[in-house]
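Welcome, and please load the model in your viewer. Keep the selection panel at hand as we go from stop to stop.

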Amino acid sequence: MAKLLTIQGGKPLEGSVRVRGAKNLVPKAMVASLLGSEPSKLRNVPEIKDVEIVTNLLTIHGVTVDVEPETGDLTLDPRQMRNAEHSEIDTHAGDSRIPILFCGPLMHKNGEAFIPDLGGCRIGDRPIDYHLEVLRTFGAVVDKQVTGIHITAPKGLKGAKLDLPYPSVGATEQVLLTAVMAEGITELKNAAVEPEIHDLIAILQQMGAIISVNTDRTIRIEGVDRLSGFRHRAIPDRNESASWASAALVTRGDIYVHGAAQRDLTAFLNTYRKIGGEFEVDDDGIRFWHAGDPLKPLVLETDVHPGFMTDWQQPMVVALTQAHGVSIVHETVYENRFGFTEALKRMGASIQLHRECLGSNPCRFGQRNFLHSAVISGPSELKGTDIDVPDLRGGFSHLIAALAAQGTSRVTGIEIINRGYERFIDKIAGLGADVEMTGR
Ligand code: EPZ
């Protein structure tokens, strides 16, 4: 029988949880180790599905990945690197988008790379056109085949001037992982500057790369011939921290998030205070709690860093169903990230979706056929229901809605949540939730 999580809602979540390294950095750091000529050590690694997927992908390329049992620290040794069969890559890529970031390192080391059909959360079309365009500009030859994309660099890879149409995180990482060992200078304009990007740059610099970041989103990289290894502690997962903070608000609870870092959550904390949440920062983490007063509605617009991050949107929407009044959420990063509201509406939430840009900044999706704005009226009393998890953040949002709801919810498809939330069932049980897991 498939795994089923049964939740008796209505209890505030109270206590503490620990967040470890960022899901959106750790797998990329593991890929960076491929560029090294010596072993690397990565600390603060969470036990999540995406780490498992990249461990398998590195292993089939001849990298040894040793896990220290107590700490979960990884030692990654690329000295026996080799090519992998396309079928092997396809098998191990699973439901992740990470394989596309292997391109630069594999072309530098093996002269070729293969990208299978990519997965990732169904929150938009998620094309890879920027990735392929930057690789071609470095001199790569992109050959689209039935089973995937085969990429070679017959004349090597040369530094280039690049200007991204949109500050894509993935495409910026693609440029970083390729330009560091390309011949000459690369200048990337309109780059992503998320905290995870800065942490990846810190790792590459440790290995011997020369990278500078200007305040106008321009990143300049001077290619080098050889990179060593790195010893690095991954930045904490700001998305998991924000998710637990929203859980405290929605369940009228009080949660201390060990490992949460204020510097990466500025936009989130401003919104949290505006809606009526309270927080307290100390050296080891942040305490989040519901102050007891009615939550206040607000107008929220997602954006690239340093704006309000799109991965924080879904848990915050659940909190806004409990606010007294009408809130507006304009999603500007992904065109289709409100699918999860169907289940919330079944639970009793009042949410209407719109194609217009309902925020102050018209976005790429305006005038196109995407339901990317939401009008939320509250407060609504949520009632338990049956839920099938649609995507990672949508799934976690459903969990916190079910925890706040009156009655029983039965949740299937929870494996998806394992992709980015370490031991989340133990954590919610540890916070006093009434949950039961059945099936295998
Ligand atoms: C990363 O995805 C994160 N994933 C996402 O987190 C996060 O939402 C996103 O960055 C934005 O911050 C990982 O790091 C593994 P993008 P990524 O390239 O790199 C469009 C989560 O829940 N685009 O910045 O795939 C794209 O469709 C996940 O943890 C193109 O059009 O995001 C999207 O609309 C979800 N062509 C926008 O840019 C391209 O070639 C931003 O995508 C590439 C992107």
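This tour of a predicted model goes from the ligand to the pockets.

Now show side chains. Pick D129, where a polar side-chain atom lies 2.6 Å from a nitrogen atom of the ligand. Move on to R393, with a polar side-chain atom 2.7 Å from a ligand oxygen, and then to N24, whose polar side-chain atom is 3.3 Å from an oxygen atom of the ligand. Taken alone, the ligand exposes 830 Å², and the protein buries 91% of that.

**The largest pocket.** Hide the ligand: the space it takes is the largest pocket, with a volume of about 1,100 Å³. Its lining has 45 residues, and R97, R126, V169, G170 and Y334 are the closest to the centre. Which helix gives the most to this lining? Select α6, which contributes 4 residues. By class, the lining holds 19 nonpolar, 7 polar and 19 charged residues.

**The second largest pocket.** For the last stop, select V250, R252, Q322, A404 and Q406, which lie nearest the centre of the second largest pocket among its 20 lining residues. About 300 Å³ of space lies here, and the lining divides into 9 nonpolar, 7 polar and 4 charged residues.

Conventions:
Residues are numbered from 1 along each chain as its sequence is written. This is a predicted model: local features need pLDDT of at least 70, side-chain atom pairs count only at pLDDT 80 or more; totals for chains, interfaces and linings use all residues. Side-chain values use heavy atoms; hydrogens and water are left out. A polar contact is a pair of N or O atoms within 3.5 Å; within protein, one must be able to donate a hydrogen and the other to accept it, and residues adjacent in sequence count only if both atoms are side-chain atoms. Accessible areas come from the Shrake-Rupley method with a 1.4 Å probe; for residues, only the protein chains shown count as cover. On a 1 Å grid over the protein atoms alone, a cavity is a set of points where a 1.4 Å probe fits but cannot get out, and a pocket is an open set with protein on both sides within 12 Å along at least five of seven lines; lining residues have an atom within 4 Å of a point. A molecule sits in a cavity or pocket if more than half of its atoms lie within 2 Å of its grid points. Grid points are joined across faces, edges and corners, and a volume is the space filled by probe spheres set on the points. Helices (H or I, at least four residues) and strands (E, at least two) are DSSP runs, numbered from the N terminus. Ala, Val, Leu, Ile, Met, Phe, Trp, Tyr, Cys and Pro count as nonpolar, Asp, Glu, Lys and Arg as charged, and the others, Gly among them, as polar.
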